[in-house]
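Hi everyone, thanks for coming. Let me walk you through a structure that may be new to you.

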Amino acid sequence: MPHLNRSNAPFERRIGASAPDATGIVHLGLGQFHRAHAAVNTALAMADKGGDWGIVGVANRSRRIIDAMQAQDYLYSILQLSPEGTDVQLVDVHRKLLVAAEQPGDVLAEIADPAHKIITLTITEKGYNKDSATGKLLVGNPDIAASLAGPDTAKAPLAQLAWGLVKRARESQAPVTVLSCDNMQSAGTTTREMVFEFLEAAGVEAPVLDYVTNQVSFPNAMVDRIVPGTNEETKAQVEKILGLRDEAPVPAEQFTMWVLEDHFKAGRPAWEAAGAIFSEEVEKYELVKLRLLNGSHSLISYLGGLSDSPTIPSARDKDFVAESVRAAIYNEYLPSIDLPTGFDPDAYVAQLFHRWQNHALGDKTARVGSDGSAKLLQRIVEPAIRLLDLGEMPHEMALTAASWIACVAPPAGFDPGAIAAEMEEPQREALAKATAGATGVRDHVERIMTGGFFPESLGSRTEFNDRIAELLGIITSAGVEAAANDALGK
Ligand SMILES: NC(=O)c1ccc[n+]([C@@H]2O[C@H](COP(=O)([O-])OP(=O)(O)OC[C@H]3O[C@@H](n4cnc5c(N)ncnc54)[C@H](O)[C@@H]3O)[C@@H](O)[C@H]2O)c1
Ligand SMILES: O=P(O)(O)OC[C@@H](O)[C@@H](O)[C@H](O)[C@H](O)CO
């Protein structure tokens with residue numbers, strides 16, 4: 001089977017125009033989501049309105065995607081999977097690819113290059129190194145600590161960004177925009193805070209701080225498209241449709257949404273031509289998405305993981321999962337959000353349930369359930385505290401926490417099974433250490449909730465910890481469906 005490249009790529013499958021050779025964007029975190037979201041929007045914007053917005057893509061450590069894309073003249077496929085059908089489209093928007101671990105100096109030089117007007121990020125929630133308990137930069141994190149000494153030591157992506165901005169400040173002072181495309185509340189503001197804390201901890205000179213204050217913007221943005229991991233089946237499906245071998249395709253649902261603040265210091269692609277929405281209510285959209293979609297997604301993944309559902313749609317098909325998610329959304333998440341103007345929550349929720357039923361996409365519960373310690377902070381803390389303050393018990397937030405604990409930090413003697421074992425959890429070891437020798441399920445929960453994994457404002461709520469422990473006890477003794485029914489008051 002011939003490999004995809006520029007000479008054999010079918011023109012009619014191309015998304016938008018080919019990018020020009022000139023690059024205007026540097027992207028850190030060349031993973032699945034960037035390639036199916038910002039890259040696609042940028043190609044579409046340039047097809048309609050032009051601009052020198054080719055992308056320099058930076059992978060963190062692995063050469064896998066880069067080697068495959070380079071062998072294909074930077075082209076790759078989006079395998080769009082939905083109940084309505086399957087389609088392949090080709091993206092041609094990257095013009096240079098780097099691996100940060102191998103070319104750290106080159107990454108800083110690309111960030112500092114005045115031709116580059118936007119630095120986009122998908123470095124994952126944990127990549128911001130924000131302390132769960134204090135909200136401050138984790139200066140003690142080994143990668144951050146090692147990166148503080150100087151630009152040559154920059155290991156973490158956040159540090160590469162910060163040292164790249166220092167280089168830019170010292171060389172050209174050219175204005176630039178840093179655009180986080182990660183699932184975080186106040187994503188831009190958070191990025192700015194972490195960058196500033198890093199620069200202050202590194203002791204950089206005052207003019208650099210002035211430059212970042214005045215010449216670098218950090219707009220907030222809400223990003224949305226369900227983009228699972230690639231596997232051999234993805235490649236086989238693309239091959240069948242295209243008649244070409246693509247080693248770097250990305251599966252994705254059809255739905256896509258991007259809401260951004262229009263605060264760009266040095267211009268931007270005409271993303272509105274691709275359907276992006278520019279709004280001053282972005283933080284409200286972020287909350288809607290992080291709670292209704294991502295918060296529910298976490299709950300589906302942990303309930304699914306504990307009931308042998310390998311995919312989100314197979315979990316969502318279970319009545320007790322669907323009922324739990326509806327209760328979480330309508331009783332606990334929605335009342336916690338000041339909705340954007342004109343927003344129709346029922347239509348949004350109906351659309352979510354439809355998206356979660358996408359068996360063709362087959363998004364994995366293990367993917368969605370990964371990194372829970374970084375993600376649940378964005379999702380359950382405020383809605384839980386809100387209800388507790390009103391004297392009500394947030395049963396579904398407690399169920400989310402209990403099922404997460406059951407999956408990644410199970411009490412002694414409980415085996416959550418193979419799907420839970422597949423979930424990546426950066427705090428797995430720390431959680432195991434914190435709970436070692438716990439005297440029972442209540443003590444186990446107490447050690448997690450007060451162990452620095454959650455802010456004290458939630459961890460200190462005894463009544464919430466009691467409820468988590470009750471539900472965790474039911475999960476371990478009678479199973480997750482029984483716990484979900486208990487949370488539903490059945
Ligand atoms: N996949 C989705 O459905 C989706 C949807 C919306 C938003 N997002 C956001 O995009 C992020 C990345 O998702 P993805 O699907 O591209 O994942 P991915 O695993 O394909 O890519 C993650 C990228 O992040 C970087 N990274 C990984 N671990 C890191 C670490 N410990 N520190 C710093 N950087 C690290 C790597 O460079 C990697 O290329 C998510 O965490 C989320 O915030 C994803
Ligand atoms: O990407 P994460 O790791 O923040 O969360 C997992 C999923 O909820 C998420 O990837 C969704 O698929 C995505 O946020 C949809 O836009």
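Predicted model: local features only at pLDDT ≥ 70, side-chain atom pairs only at ≥ 80, totals over all residues.

Residues are numbered from 1 along each chain as its sequence is written, while chains are lettered from A and ligands numbered from 1 in the order in which they are written.

So, how is the protein divided? There is domain 1 (11-278) and domain 2 (282-487), with bounds from an automatic or database domain assignment. Taken over C-alpha atoms, their centres are 28 Å apart. In domain 1, 27 residues are in contact with 29 residues of domain 2, contact being C-beta atoms, placed from the backbone, within 7 Å. Strand 9 (221-224) is one of the elements on that side of domain 1, and its 3 residues are the largest share. Strands here are DSSP runs of E, at least two residues, and helices are runs of H or I, at least four, numbered from the N terminus.

Now, which residues are closest to ligand 1? They are G31, F33, N60, G127 and D182, among 21 that surround it, each with its C-beta atom, placed from the backbone, within 6 Å. Helix 1 (residues 32-36) gives the most, 3 residues.

Finally, look at helix 22 (residues 462-478). After helix 22 comes G479, with a positive phi near 105°.

Terms used
Contact = placed C-beta atoms within 7 Å. Expected span 1.5 Å × (residues − 1).
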